[in-house]
Protein chains: 2
Amino acid sequence: MRDFSRSLPMSLLRAREAVMRQFRPSLREHGLTEQQWRILRALAAIDAVEVTELARTAFLLGPSLSRILRDLEARNLIERKTAKADQRRSMVSISKEGVKLMASVAPNSEAIYAEITRRFGARRLAELQEMLGALELSLAELGSADDTIAEG
Amino acid sequence: MRDFSRSLPMSLLRAREAVMRQFRPSLREHGLTEQQWRILRALAAIDAVEVTELARTAFLLGPSLSRILRDLEARNLIERKTAKADQRRSMVSISKEGVKLMASVAPNSEAIYAEITRRFGARRLAELQEMLGALELSLAELGSADDTIAEG
DNA sequence: GAGAGATACTTAACATGTTAAGTGAATGCG
DNA sequence: CGCATTCACTTAACATGTTAAGTATCTCTC
């Protein structure tokens with residue numbers, strides 16, 4: 001069997017960890033986890049979203065998002081109100097405080113991203129991202145192994 | 001601020017998830033998590049290792065590994081014995097049952113990996129892995145942002 | 001050879017990942 | 001209309017990620 005430390009999943013895991021390792025301390029100083037930060041960033045880009053849509057954008061599973069939203073709401077970083085037309089849905093938006101927090105974290109975060117880009121090379125980074133996107137696409141058609149079996 | 005869904009961390013996260021999505025169902029059928037599988041694979045390649053070394057190989061943090069080893073030991077998939085020369089260290093090895101389980105999972109796992117390689121292209125996959133390794137390297141010098149501050 | 005410090009883990013505590021089950025609100029259809 | 005189904009979440013339960021603290025053992029130095 002192939003040396004597993006050279007397998008694609010491990011390469012991806014290590015690469016991602018190397019990157020996140022740069023950001024975590026800064027986020028931590030502001031009392032944010034990586035996932036909470038993803039949610040705030042996703043919310044900052046829009047007015048309000050449904051939870052399901054937010055899950056897709058922030059790439060989180062429903063249950064994780066549910067818990068995190070509960071906590072972020074308790075910290076007054078986001079706001080929630082049920083949709084008028086459909087009582088099942090709730091519209092989530094970032095609060096004033098949330099915006100303020102983002103503003104205090106963003107500069108540092110941007111600087112770190114810039115340093116990573118500088119070290120690895122902007123062109124190379126773009127190539128890498130292109131390949132990652134292509135990989136995702138080539139597996140998306142496949143669905144999960146389960147789906148394949150179910151469909152067969 | 002850059003659309004975060006196009007950021008490097010998100011690209012890496014989505015790509016890895018797309019890949020792992022293929023493997024998880026098969027592992028699940030055998031009652032294994034991704035991390036447990038990593039440990040068994042790491043152990044299969046050698047006779048016995050110390051916990052710390054295993055953590056590095058399987059890319060797991062100590063506390064996670066500690067818990068998982070406890071569970072794998074309870075399931076008789078691994079064996080542990082304290083080193084003679086140094087009572088602090090414990091040598092971990094895969095058990096006969098562990099080997100048997102691996103043998104039952106490996107074929108399917110190999111097939112999935114082969115399909116991924118086929119879809120994405122072997123050459124392209126090698127290029128991607130090379131870039132991921134390079135990314136890791138270019139950030140390794142940097143250490144974590146904390147270290148940098150500490151050193152400055 | 002005794003005590004301070006380092007080492008190799010383990011435990012603890014809290015946050016998230018993951019799957020299954022639960023809840024309340026809409027929808028579709030006879 | 002009535003009611004089974006679907007939908008949008010939430011809760012639950014268990015596994016791992018992450019940092020800090022704890023424990024036992026070893027090492028090094030005086």
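Reply: Happy to! Buried area is the accessible area (1.4 Å probe) that two parts lose on being put together, summed over both. This is a predicted model, where local features need pLDDT of at least 70 and side-chain atom pairs count only at pLDDT 80 or more, while totals for chains, interfaces and linings use all residues. Residues are numbered from 1 along each chain as its sequence is written, chains are lettered from A and ligands numbered from 1 in the order in which they are written, and side-chain values use heavy atoms, with hydrogens and water left out.

Me: What is the area buried between chain B and chain A?

Reply: The size of an interface is often given as the accessible area lost when the parts come together. For chain B and chain A, carbon and sulfur atoms give 70% of that area. The total is about 6,000 Å².

Me: How many residues of chain B are in contact with chain A?

Reply: Contact means heavy atoms within 4.5 Å. The copies meet through the same surface, because 100% of the interface residues of chain B are also interface residues in chain A. On the side of chain A there are 58 residues in contact, and on the side of chain B 58.

Me: How many salt bridges are counted between chain B and chain A?

Reply: A salt bridge is a side-chain nitrogen of Lys or Arg within 4 Å of a carboxyl oxygen of Asp or Glu. Glu136(A) and Arg14(B) form one, with their closest N and O atoms 3.4 Å apart. The count between the two chains is 4.

Me: Which element gives the largest share of the side of chain B that touches chain A?

Reply: Helices here are DSSP runs (H or I, at least four residues), numbered from the N terminus. Elements giving two or more residues to this side of chain B include α1 (8-29), α5 (96-120) and α6 (122-140). The largest share, 17 residues, comes from α1(B).

Me: Which side chain has an N or O atom 3.1 Å from a base oxygen of DNA strand D?

Reply: A polar contact is a pair of N or O atoms within 3.5 Å. Ser66(A) reaches a phosphate oxygen of DNA strand D with a polar side-chain atom at 2.7 Å, and a backbone N or O atom of Ser90(A) lies 3.0 Å from a phosphate oxygen. The side chain at 3.1 Å from a base oxygen is that of Arg88(A).

Me: And which residue of chain B has a side-chain N or O atom 2.6 Å from a phosphate oxygen of DNA strand C?

Reply: From chain A, a polar side-chain atom of Ser64(A) lies 2.8 Å from a phosphate oxygen of DNA strand C, and a backbone N or O atom of Gln87(A) lies 2.7 Å from one. The residue of chain B, at 2.6 Å, is Ser66(B).

Note on methods. Polar contact = N/O pair within 3.5 Å; in protein donor to acceptor, adjacent residues only side chain to side chain.
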